[in-house]
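User: Hi! Could you walk me through this one? I'd like to start with the ligands and then look at a few residues.

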Amino acid sequence: MDPRDLLARFHMPQLSSFQALDNYSTPVLGASALFCTIIAYTIAKMFGYGSRKNEFEVDGKTVVITGGSDGMGKAVALQLSAKGANVVVVARTVSKLQNAVEEMKASAVNSSKQKFHYISADLTDPAECERVIAEVTLWNSGAPPDVVWCCAGFSRPGFFVDVPIKEHRQQMDTLYWTAANTAHATLRSWLTPVSPNEQVKTPRRHLIFTCSTLAFVPIAGYSPYSPAKAAIRSLSDTLSQEIEMYNGAYSQRHSTNAPAADVKIHTIFPMGILSPGFDNEQKIKPELTKQLEEADKPQTPSDVAKISISALERGEYLITTMFIGHILKGTALGPSPRNSIIGDTLLSWLSNLVFLQVIPDLRGKAFKWGKKNGLPTPNPAS
Ligand SMILES: NC(=O)C1=CN([C@@H]2O[C@H](COP(=O)(O)OP(=O)(O)OC[C@H]3O[C@@H](n4cnc5c(N)ncnc54)[C@H](OP(=O)(O)O)[C@@H]3O)[C@@H](O)[C@H]2O)C=CC1
Ligand SMILES: CCCCCCCCCCCCCCCC(=O)[C@@H](N)CO
């Protein structure tokens, strides 16, 4: 059939001709122009154009980074040091922490003013998290840190039945509990009531979690890991609501007991990060998992850190670091607070259309894998 007949059948104007514009009424053109402007404005906003205020000012502030001795955590530590922050890195291995402190000193923007410190602690132990916050407060002349960024964690991939149940529990400890313990100790310190006459001007504080897009979209072979990351996302959403009660009380600080500062919660959802932890997980990752995540092109720790910090500076809450990550978030926004009502709504519509294809595709690939290769051989680490 002649394509022009097809267009005619659907009453569509022939777009090859400029005269086609005459076929539209002024209101339709006006509405389209308005719609395009809103989209352009939203996209410009997403990339930070036009917003002057930095919502994540770290110059002269004190920042604690768990998992700050390696990978993404270390990259964050170096970049915040380059922006003038005093930084404390926390992890277990002392030698790696000492290296990170040396590197932070080298990247400091004002080395005479900035201070750096490390604390060796296993954050799966809640008492250790209390100690970290107490030690940092002492080191910071009695003031709690301004920013706490939870980055500790690693992935132990494998199929659910192949991974010993004890190791599933260990992943929950390493991922969820290191974050929840740190958040608990931090918020207990930040939310201590201060009486109106003891209030001093204190800048907004930030608690940041590091999740993974696997919290939005699970992939076969990550069952030890994804549930723990999904739990962090749920904790983050709960806290983002709960903290509003304290922020509300803070708004009345001159007449009633209230915390010393406003608090904001944020969560980062990276895709693959080319870190030492990633090299380890690749060694034991099932081949099917590698195939299912092949659309992911892992980013360098410093790219992930840079993109995350820029999003924090724009004041975002749920933060993804690349296009596919935005799509994965868009399909799972659920009840989470939005960064932009229009942008996130359009993103979720697009993502939900894309996922009509992705859901059966992932399951189909898993089925085909079993049909072709039979049962998996449990990997050597299990
Ligand atoms: N790599 C990836 O592909 C992705 C990673 N992520 C997440 O991003 C974050 C950073 O990952 P990545 O850059 O790979 O990190 P690395 O694996 O390279 O480093 C992990 C850091 O966490 C510390 N750590 C681990 N366990 C504990 C513990 N029990 N107590 C205190 N510190 C601990 C490590 O130090 P030490 O061992 O000395 O304690 C190290 O500093 C993690 O939360 C990870 O789950 C998210 C998406 C993708
Ligand atoms: C256009 C849209 C297509 C969507 C296709 C779906 C692809 C899913 C990719 C999932 C990638 C998961 C990366 C998580 C990395 C991670 O957290 C681990 N490395 C742990 O360390």
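Predicted model: local features only at pLDDT ≥ 70, side-chain atom pairs only at ≥ 80, totals over all residues.

User: Which polar side-chain atoms lie by an oxygen atom of ligand 2?

Analyst: Ser212 has a polar side-chain atom 2.7 Å from an oxygen atom of ligand 2. Tyr225 has one 3.3 Å from an oxygen atom of the ligand. There's a nitrogen contact too: a polar side-chain atom of Tyr222 is 3.4 Å from a nitrogen atom of ligand 2.

User: And how much of ligand 2 does the protein bury?

Analyst: The protein buries 86% of the 600 Å² that ligand 2 exposes when taken alone.

User: Now ligand 1. Which residues come nearest?

Analyst: Ser69, Met72, Arg92, Thr93 and Ser275 come nearest, out of 31 residues around ligand 1. The shell is made up of 14 nonpolar, 12 polar and five charged residues.

User: Which helices supply at least two residues of that shell?

Analyst: Helix H3 (71-82), helix H6 (165-190) and helix H8 (276-284) each do. H8 gives the largest share, with three residues.

User: What about polar contacts for ligand 1?

Analyst: I can give you a few. A polar backbone atom of Met72 is 2.8 Å from an oxygen atom of ligand 1. In the side chain of Asp122, an N or O atom is 3.0 Å from a nitrogen atom of the ligand. Then there's Ala152, with a backbone N or O atom 3.4 Å from an oxygen atom of ligand 1. On its own, ligand 1 has 880 Å² of accessible area, and the protein covers 94% of that.

User: You mentioned H3. Is Gly73, in that helix, buried or exposed?

Analyst: Gly73 lies in helix H3, and it counts as buried because its relative accessible area is 2%, while the cut-off for buried is under 20%.

User: Let's hop to H6. What's up with His168?

Analyst: His168 sits in helix H6. Its relative accessibility is 11%, so His168 counts as buried. A polar atom of the His168 side chain lies 3.5 Å from the backbone oxygen of Val163. With neighbours up to four places away left aside, the contacts of His168 are Phe160, Val163, Ser223 and Pro224.

User: There's another histidine I had my eye on, His206. Where is it found?

Analyst: His206 is in strand S5. Its relative accessible area is 5%, so His206 is buried. The His206 side chain reaches the backbone oxygen of Glu55 at 3.5 Å. Beyond its neighbours within four places in sequence, His206 has contacts that include Glu55, Phe56, Trp190, Lys264 and His266.

User: New topic: helix H10. Why does its length make sense?

Analyst: H10 has 13 residues (301-313), and at 1.5 Å a residue they should span 18 Å; the end C-alpha atoms are 18 Å apart, so the two agree.

User: Which residues of H10 are buried?

Analyst: Pro301, Val304, Ala305, Ser308, Ile309, Ala311, Leu312 and Glu313. As for spacing in general, an α-helix has 3.6 residues a turn, so residues three or four places apart point the same way.

User: What covers the buried residues of H10?

Analyst: The cover includes H3 and the strands S4 (147-150), S5 (205-210), S6 (263-269) and S7 (318-320). Just after H10, Gly315 has a positive phi of about 85°.

User: Last one: what does Leu328 touch?

Analyst: Leaving out residues up to four places away in sequence, Leu328 touches Thr213, Phe216, Val217, Met271 and Phe355. Leu328 itself is found in helix H11 (residues 323-330), and with a relative accessible area of 13% Leu328 is buried.

Definitions and conventions:
Residues numbered from 1 in each chain as written. Chains lettered and ligands numbered in written order. Heavy atoms only, no water. Near = heavy atom within 4 Å. Polar contact = N/O pair within 3.5 Å; in protein donor to acceptor, adjacent residues only side chain to side chain. Areas by Shrake-Rupley, 256 points an atom, 1.4 Å probe, with all protein chains shown as cover. Helix = DSSP H or I, 4+ residues; strand = E, 2+ residues; numbered from the N terminus. Nonpolar A, V, L, I, M, F, W, Y, C, P; charged D, E, K, R; others polar. Expected span 1.5 Å × (residues − 1). Buried < 20%, exposed > 50% of the residue type's maximum accessible area, 1.4 Å probe, protein only. Contact = heavy atoms within 4.5 Å.
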